[in-house]
Amino acid sequence: MPIDHSQFAVPASAFVEVFERCDIEYVTTVPDMLQIALHRALEAPGSTIRSINCATEDQAVETAAGLYAGGKKAAILVQNQGFLAAINSIRALGLDGRVPLFMVMGQFGREWANLGKDPRESKRRMVRMLEPLLETLDIPYWRIEGPRDAGNIEVACNAAFEQSRPTALIVGHFVAFG
């Protein structure tokens, strides 16, 4: 049975609009396929948000923290498995140092059969363990499971900067072009 991906994907333009409204000036990232539409939108001519491609996810976290120390606001785009690679930097800078880290995490490895269901029921460890790990670390998170959840982008972003802490926006499906 064919999958109507439009019911699970939020267009890149929705992210960009919210980033601009929230005064995000930079995005630090290790580019990935799940969010390629968002990367392309951010790198398009006329974009007001500057993308900084990093070699590792902890470098993306550390660069965002450095931008914050310099008076700038950044979003961090990574995949679920990249979050694991950056946990020590997130702990040191975000949790202990109280640096606001707005992380937009793609759910790499999520199977089509799990779309529209609880990610904790996924057969893939990287998908099902993300939320429990965020809870263990006391990092609030919001899901983007489809267009109806687009409001969570702004909620997660504002929470990071208002509470001076890491927050996670979990993108459950590919970001759509447009």
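**Figure 1. Arg98, a partly exposed loop residue.** In this predicted model, Arg98 has a relative accessible area of 45% and counts as partly exposed. Arg98 sits in the loop that links helix H5 (87–96) to E4. Its phi is near 60°, a positive value in a residue other than glycine. The backbone oxygen of Arg98 is reached by the side chain of Ser164, at 2.5 Å.

**Figure 2. Ser164 and its surroundings.** Ser164 belongs to the loop between helix H8 (151–163) and strand E6 (166–171). With neighbours within four places in sequence set aside, Ser164 contacts Tyr68, Arg98, Val99, Pro100 and Ala159.

Figure 3. Asp138 is placed in the loop between helix H7 (130–136) and E5. Its phi is near 60°, a positive value in a residue other than glycine. Asp138 counts as exposed, at 53% relative accessibility.

**Figure 4. Strand E6 and its partner E4.** E4 and E6 run parallel and are joined by 6 bridges. Val104 has Leu169 as its bridge partner in E6. Met105 has Ile170 as its partner there. E6 is mostly covered, with 6 of its 6 residues buried. On one side of E6 are Pro166, Ala168 and Ile170, and on the other Thr167, Leu169 and Val171. Both of these faces are covered.

**Figure 5. Strand E4 and its pairing with E3.** E3 and E4 pair in the parallel sense, over 5 bridges. Leu77 stands opposite Val104 of E4. Val104 also has a bridge partner in E6, Leu169. E4 is mostly covered: 6 of its 6 residues are buried. One face of E4 carries Leu101, Met103 and Met105, and the other carries Phe102, Val104 and Gly106. Both faces are covered.

Figure 6. Strand E5 (residues 141–144) and E6 run parallel, joined by 4 bridges. The bridge partner of Ile144 in E6 is Val171. Arg143 is partnered by Ile170 in E6. From E5 the chain passes through H8 and on to E6. This β-α-β crossover is right-handed. Ile170 is also the E6 bridge partner of Met105.

**Figure 7. The largest nonpolar core.** Nonpolar side chains tend to be buried together in soluble globular proteins. Here the largest nonpolar core has 27 residues. The residues with the most contacts inside this core are Phe15, Phe19, Ile24, Leu38, Phe102 and Ile153. Two or more core residues come from each of helix H1 (12–21), helix H2 (36–42), strand E3 (74–79), strand E4 (101–106), H8 and E6. H1 gives the largest share, 6 residues. A second, separate core has 24 residues, among them Cys54, Ala60, Ala64 and Ala168.

**Figure 8. Ile153 and its contacts.** Ile153 is among the residues with the most contacts inside the largest core. With neighbours within four places in sequence left out, Ile153 contacts Val10, Ala14, Phe15, Val18, Phe19, Phe102, Ile144 and Leu169. Of these, Phe102 is a buried residue of E4, and Leu169 is a buried residue of E6. Ile144 is the bridge partner of Val171 in E6.

**Figure 9. Cys22 and Cys157, two cysteines without a bond.** The whole structure holds 0 disulfides. Cys22 is in no disulfide, and the nearest cysteine sulfur, that of Cys157, is 3.8 Å away. A disulfide requires sulfur atoms within 2.5 Å. The 3.8 Å between the sulfurs of Cys157 and Cys22 is therefore too far for a bond. Cys22 is buried, with a relative accessible area of 3%. Cys157 is buried as well, at 1%.

Methods
Residues are numbered from 1 along each chain as its sequence is written. This is a predicted model: local features need pLDDT of at least 70, side-chain atom pairs count only at pLDDT 80 or more; totals for chains, interfaces and linings use all residues. Side-chain values use heavy atoms; hydrogens and water are left out. A polar contact is a pair of N or O atoms within 3.5 Å; within protein, one must be able to donate a hydrogen and the other to accept it, and residues adjacent in sequence count only if both atoms are side-chain atoms. Contact means heavy atoms within 4.5 Å. Buried means under 20% relative accessible area, exposed over 50%, partly exposed in between (1.4 Å probe, protein chains only). A nonpolar core is a set of buried Ala, Val, Leu, Ile, Met, Phe, Trp, Tyr and Cys residues joined through side-chain atoms within 4.5 Å. Two strands pair if DSSP finds at least two bridges between them. A crossover is right-handed if, with the strands pointing away from the viewer, the path from the first strand over the helix to the second runs clockwise.
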